[in-house]
Amino acid sequence: NQINETVGGWLPAMRKVVREVPAVSPEIRSTFLDVWIKSKMLPLRVGNHRALCDAARVLLPSYNGPSVRLFRGTSAGERRRRIYGVSWSADIEIGERFAQERRVWNGGSVLLETLASPKAIICQIDYTPPITRDEIEDKFGRDFPHVTVEEYHDEREYVVDRRYLNKVGVVRRYEQVNPLAMPPPVASNSS
């Protein structure tokens, strides 16, 4: 956790991986996948798209599938500047949810769509289902009332390098809204 406590620690670490590490073991790739899932703000912490994507190609499990139709809900500003983030979803409803959440941002939001080639896709994120309180009780024979169960919802996420995207289109545009006018988020029932 020291890297998170070092100011600007992620960018030099990612650059060092790119310069000095040609390959890592499957165990390290699996471990970094867990870091990726738990550190949803990692792209912002690194702050450099090229370094992040080049290091992710070394550290994350490689994608070896076909081209995939992907969606991304984001700010209208991201679209205008063509500086697309790395997290995309194969599920249009997930992209729609992110676009709706970003309507409060300056200029509103957009739902983007692309057909990402295998070269553009760094990794397909496989979320393991979270352990439930019942599973904890079954495994250990008692309840742990003070244990927090962290959930990582499967977003059918793909990590994508925008440098290799071809056409990115806008499916929908959303006007900017006042955050106080937004309805509260609806809790999903994942049972």
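Q: In this predicted model, which backbone nitrogen does a side-chain oxygen of asparagine 48 reach at the start of helix 5?
A: Let's look at where helix 5 begins. A side-chain oxygen of asparagine 48 comes to within 3.2 Å of a backbone nitrogen there. That nitrogen belongs to arginine 50.

Q: Is helix 5 mostly covered or mostly uncovered, and how many of its 11 residues are buried?
A: The buried residues of helix 5 include His49, Leu52 and Cys53. They pack against helix 2, helix 3, helix 4, strand 4 and strand 5. Helix 5 is mostly covered, and its count of buried residues is 8.

Q: With which side chain does the side chain of aspartate 161 make a polar contact?
A: Start with the place of aspartate 161, the loop between strand 5 (157–160) and strand 6 (168–174). Setting aside neighbours within four places in sequence, its contacts are His49, Cys53, Arg57, Ala120 and Ile122. One of these contacts joins side chain to side chain as a polar contact at 3.1 Å, and the partner is histidine 49.

Q: Why does aspartate 161 count as buried?
A: Buried means under 20% relative accessible area. Aspartate 161 falls under that cut-off, so it counts as buried, because its relative accessibility is 0%.

Q: How far apart in space are aspartate 161 and valine 86, C-alpha to C-alpha?
A: Along the sequence, aspartate 161 and valine 86 are 75 residues apart. In space, the C-alpha to C-alpha distance between them is 6.1 Å.

Q: Which residues of strand 5 point the other way from Glu157 and Val159?
A: In a regular strand the side chains alternate between the two faces of the sheet. In strand 5, Glu157 and Val159 point one way, and all the residues named here are buried. Those pointing the other way are Tyr158 and Val160.

Q: Which residue in strand 5 is the bridge partner of cysteine 123?
A: Strand 5 has strand 2 as a partner, running antiparallel and joined by 3 bridges, and there serine 89 stands opposite glutamate 157. Strand 4 (residues 121–124) is also antiparallel to strand 5, again with 3 bridges. For cysteine 123, the bridge partner in strand 5 is valine 159.

Q: Which element gives the largest share of the lining of the largest pocket?
A: The largest pocket has a volume of about 800 Å³. Helix 4 (42–46), helix 5 (49–59), strand 1 (68–75), helix 6 (76–81), strand 2 (87–89) and helix 7 (92–101) each give two or more residues to its lining. The largest share is 5 residues, and it comes from strand 1.

Q: How many residues of the lining of the largest pocket are charged?
A: The lining of the largest pocket has 32 residues, with Pro43, Arg72, Gly85, Val86 and Ser87 nearest the centre. Of the lining residues, 13 are nonpolar and 11 are polar. The number that are charged is 8.

Q: Which backbone oxygen does the side chain of serine 109 reach?
A: Serine 109 sits in strand 3 (residues 109–116), and it is buried, with a relative accessible area of 1%. Beyond its neighbours within four places in sequence, its contacts include Thr74, Arg102 and Tyr174. At 2.6 Å, its side chain reaches the backbone oxygen of alanine 99.

Q: What share of the contacts in the protein chain with a separation of 6 or more comes from residues 24 or more positions apart?
A: The protein chain has 8 helices and 6 strands, and 37% of its 191 residues count as buried. Among contacts with a separation of 6 or more, the share from residues 24 or more positions apart is 81%.

Note on methods:
Residues numbered from 1 in each chain as written. Predicted model: local features only at pLDDT ≥ 70, side-chain atom pairs only at ≥ 80, totals over all residues. Heavy atoms only, no water. 1 Å grid on protein atoms, 1.4 Å probe; cavity = no way out; pocket = protein on both sides within 12 Å on 5 of 7 lines; lining within 4 Å. Points joined across faces, edges and corners; volume = space filled by probe spheres on them. Helix = DSSP H or I, 4+ residues; strand = E, 2+ residues; numbered from the N terminus. Nonpolar A, V, L, I, M, F, W, Y, C, P; charged D, E, K, R; others polar. Buried < 20%, exposed > 50% of the residue type's maximum accessible area, 1.4 Å probe, protein only. Contact = heavy atoms within 4.5 Å. Polar contact = N/O pair within 3.5 Å; in protein donor to acceptor, adjacent residues only side chain to side chain. Pairing = 2+ DSSP bridges.
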